[in-house]
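Hi,

Here is the model I said I would pass on. Have a look, and then read my notes below.

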Amino acid sequence: MKKLLTLLRKRPSFQAWLLLLPSAFWLFVFFIAPLFIVLIYSFLERGTYGGVQWHFTLENYRRTFDPLYFKTFGRSFYIAIVTTIATLLIGYPLAYYIASRPAKRRGTLVLALMIPFWTNFLVRTYAWLTLLRTHTGLINVTLMSLGWIQKPLPLFGNDFAIIVGLVYGWLPDMVLPIYAALDRLDHSLLEAASDLYASGPNVFRRIVWPLSLPGVVAGSMLVFIPSLGAFVTPAILGGGKTLMIGNIISNQFLAAHDWPFGSALSFVMMAVMLAATLIYFRATSDEERRQL
Amino acid sequence: MSEQALSRALSRRSRMAHLKKQLGEGLFHLYGLTGYLFLYLPIIILVIFSFNDSRSTAQWAGFTTHWYADMMNDHQIILSLWNSLFVAIVSTLVSLVIGTLAALAMERYRFWGKLMMDAVLYLPIIIPDIAMAIMLLIFFDVSGIGFQPWKANFFGVHLAVPYSVIIGHVAFNISFVAVVVRARLAQMDQVLEEAAQDLYADPWRTFWRVTFPMLLPGIMGGALLAFTLSMDDFVITFFTSGAGFNTLPVRVFSMIKKGVTPKINAVSSLMLLFSLVLVAISLIIGKGGDENSSANTMF
Amino acid sequence: MKRYTLLLLSVLLVLGLLLSACAKATPTAAPQPEKTEQPQATEAPATEVQPAKEIVFYNWSEYIDPEIYTLFEKETGIKVVEDNFSSNEELLAKLQGGATGYALIVPSDYTVKIMIDQNMLAPLDQDKIPNLKNLAERFRNLYYDPGNKYCIPYQWGTTGIGYLDGQVDKPESWSVLFDPDPNAPYYGRMTMLDDAREAFAAALIYLGYDANTTDEKQLEEAKQALIRAKAALSGYDSDTYEDLLASGENLMAHGWNGDFLQAQEENENIAYTIPKEGGVIWVDNVCIPATVTPEQKLAAEMFLDFILRPDIGAMISEFNYYATPNKAAEANLDADFLNDPAVYPPQKVLDRLQFIKPVGDAEANYQRMWDEVKAAP
């Protein structure tokens with residue numbers, strides 16, 4: 001037993017794997033193993049109406065190299081980037097605001113942030129539709145009856161509406177990690193620092209930002225990835241007129257009955273995103289080390 | 001310069017600084033308020049239209065409460081609400097423990113296989129929902145595990161929840177919890193833990209006395225995120241649930257085929273009321289809590 | 001050493017699971033031998049079988065009066081639990097993925113065809129369904145299920161154009177969508193169904209082609225028409241288009257007749273028409289999946305017989321505003337309803353309606369071209 005403990009202390013690798021045992025078990029059995037099914041499917045021919053035929057082929061991967069899909073990916077990428085930046089700009093001050101409240105109030109504020117999201121996603125999205133619709137939406141109707149605008153603003157059925165919907169939907173995913181990183185930042189420390197440097201921006205740049213960076217990095221990822229794969233919000237708020245990569249993939253599994261191609265598209269996207277995510281976290285953790 | 005003039009100039013400067021600070025603080029409050037207003041704007045609309053005297057929520061047609069009566073008589077909807085809560089709570093608790101442990105390992109150690117685990121932990125976030133849903137359905141079907149119901153008595157309501165749904169929810173929640181907790185860990189100063197380790201010389205006590213309290217905001221954030229994702233998931237639940245089991249999002253998705261009726265809004269409003277009551281309770285409990293302990297202020 | 005063993009064990013377990021998953025994955029992909037055998041097995045011991053006490057009915061939302069379940073339970077003691085899906089594709093994918101437990105499902109015509117071809121449905125024991133005689137003659141030999149071997153038609157309807165009477169002229173031709181006039185009041189205030197096959201069918205019918213063509217040139221032409229239409233659309237919508245029409249947000253919408261008739265409750269100006277080029281006809285059917293147990297199948301057949309009764313058939317139509325294929329039920333329905341051309345189109349309109357049929361490998365083509373329409377600026 002003692003030997004075990006010393007081994008444990010001497011070999012951090014064991015400790016780490018001990019901590020990882022439950023997650024590794026769960027994810028390998030209930031995620032990676034099923035993922036292998038999809039991987040195999042992506043090399044098979046489609047069954048005419050769903051399912052697969054057991055003939056090996058690389059055709060599905062060849063089909064992913066299609067200018068249409070590149071174009072769609074580019075468009076999804078653009079929308080996801082704008083969404084992430086907007087979410088960061090709105091969410092960061094909000095997280096900072098919550099973190100700088102007295103400890104007693106913080107919990108309530110965080111809960112208040114989440115409560116809107118315990119209603120149903122579709123119902124929330126349709127509530128936005130009530131606000132944004134072109135001719136009968138509350139915003140345009142109000143502005144027009146006030147005489148501020150003559151023609152209804154194009155608030156619905158375009159990229160603007162999609163981005164509003166996505167920013168709204170993923171705001172908590174940005175705020176929570178930033179708040180988690182900023183919470184318990186010693187505010188007397190900040191006061192002292194602001195006396196010392198005597199300038200707000202300096203305090204922010206030298207103390208607050210570096211501390212919050214892990215949160216910003218995590219939050220940005222939690223917003224960017226689901227925005228890239230979104231397909232319900234573009235369908236409802238974008239009026240279904242914008243094609244995103246999420247629509248293409250889900251259409252392959254459902255409407256087109258083409259599981260192998262849907263799997264191949266999923267794998268290509270996952271590979272690209274996984275590589276990007278790993279590089280992103282590597283780069284940013286170096287940056288964190290440099291900053292601290 | 002006379003001493004009097006100097007002190008007057010100084011006090012004016014400090015008054016200016018004070019004013020500036022107050023103004024900044026005021027603007028800051030205003031910002032916070034606007035942020036919350038943005039979050040609650042569609043929610044207010046949603047609640048208003050739950051009282052709409054029309055089959056649709058497309059235009060206001062007068063006040064009624066009959067959608068609430070309708071909802072209360074719809075046993076299927078009420079049952080699906082309980083199912084949702086049960087799945088969300090159980091999967092949050094399980095993924096919280098598993099995800100936090102994973103975050104500790106990933107952030108505090110260098111070890112063989114780290115890059116692989118990194119990838120494995122990010123994949124559930126990256127994978128398209130529909131691909132994950134279909135692969136889980138096939139997996140549960142071929143392996144023969146999962147579709148058996150977990151018969152649970154949940155606050156007096158008898159539920160039969162397929163294990164497959166909970167397994168699927170935990171599988172994606174682990175990753176979200178791990179990401180948020182890692183963000184907290186990366187920011188935490190390890191010096192304190194090292195000092196504590198020297199002091200207690202017992203990793204177990206160091207963890208509970210030092211690491212865990214410092215980790216709490218991350219754990220809470222992860223829990224809230226996991227709970228919310230689980231409450232809202234449609235695609236994976238739809239495909240991994242067997243016959244006769246529905247969560248609220250699954251019900252709502254099939255209901256909108258016939259348009260959004262205020263009944264769905266009424267269900268959402270009910271949940272809203274329920275969560276607001278919870279927060280009020282937490283506020284009352286929190287009042288008695290210790291100023292420095294986030295645990296008390298959180299719930 | 002314990003950790004070593006544990007680690008090793010977990011790795012082995014994962015590997016084992018992986019292998020078994022892969023090995024077992026084979027039969028589901030092949031035409032599912034164990035599932036095709038089941039229907040025969042269910043027929044053999046039919047005499048001793050007792051009906052199940054509870055069955056799950058996988059249906060579209062708000063498609064049946066819940067009162068019918070109560071009446072059925074009172075009469076037979078069998079409880080019917082309803083689950084809902086929202087598209088044929090979801091239903092098909094879920095059953096193909098291996099979901100079981102449903103005793104009754106409601107696929108549309110072309111999905112029935114696919115399911116029969118893939119041995120996903122159990123043949124009906126027609127002796128158990130004497131009320132099958134109530135079915136109208138023209139619903140007994142439909143292309144996808146001649147002789148009602150697998151399914152009974154549930155409700156039927158058409159796809160056309162709904163519009164706000166008084167605000168826009170009655171659309172006589174599909175050209176309002178496919179060659180839109182930028183100065184018309186409805187320009188920018190129309191929706192089309194967010195469904196590749198329905199959208200292509202409308203365009204192909206407008207161009208005078210077969211709604212199920214696999215000819216690339218015809219499809220290309222239809223695609224161009226759909227892109228022209230896109231500029232005049234406020235969006236693609238299959239779920240709430242009738243509400244948006246009722247509220248006056250949109251003035252015209254491509255959609256299913258029953259939805260518009262239901263929305264007349266909100267706005268009586270809503271009217272429905274099938275343009276002169278023709279439209280799509282569809283039939284929803286109640287079928288029994290091949291995965292049922294004999295007990296469930298018996299109970300399901302009892303339910304099928306029950307909903308084919310004239311009074312129950314009328315209840316269904318009164319509830320969902322769709323036409324019934326149940327000839328005997330018409331006696332119990334309002335004359336106004338039976339004479340409404342939006343529900344029961346006259347024969348010369350019926351002659352111009354086409355079914356959407358499965359097109360095999362060309363489905364990928366349709367989807368690819370639909371993606372191009374969606375990606376067009």
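C:Glu62 sits in the loop of chain C that runs between strand E1 (54-60) and helix H3 (67-76). Helices (H or I, at least four residues) and strands (E, at least two) are DSSP runs here, numbered from the N terminus. Keep in mind that this is a predicted model, where local features need pLDDT of at least 70, side-chain atom pairs count only at pLDDT 80 or more, and totals for chains, interfaces and linings use all residues. Residues are numbered from 1 along each chain as its sequence is written, and chains are lettered from A and ligands numbered from 1 in the order in which they are written.

Back to C:Glu62: its phi is near 50 degrees, a positive value in a residue other than glycine. C:Glu62 counts as partly exposed because it has 17 C-beta neighbours inside 10 Å. (On that scale, 20 or more other C-beta atoms within 10 Å means buried, 12 or fewer exposed, and in between partly exposed, with C-beta atoms placed from the backbone.)

C:Asn119 also has a positive phi without being glycine, near 55 degrees. You'll find C:Asn119 in the chain C loop between helix H5 (109-117) and strand E4 (151-164). With 16 other C-beta atoms within 10 Å, C:Asn119 is partly exposed.

Now the interface: 26 residues of chain B are in contact with 33 residues of chain C (contact: C-beta atoms, placed from the backbone, within 7 Å). On the chain B side, helix H5 (129-143) and helix H10 (248-255) each supply at least two residues. H5(B) gives the largest share, seven residues.

Cheers

Technical notes:
Two residues are in contact if their C-beta atoms, placed from the backbone, lie within 7 Å.
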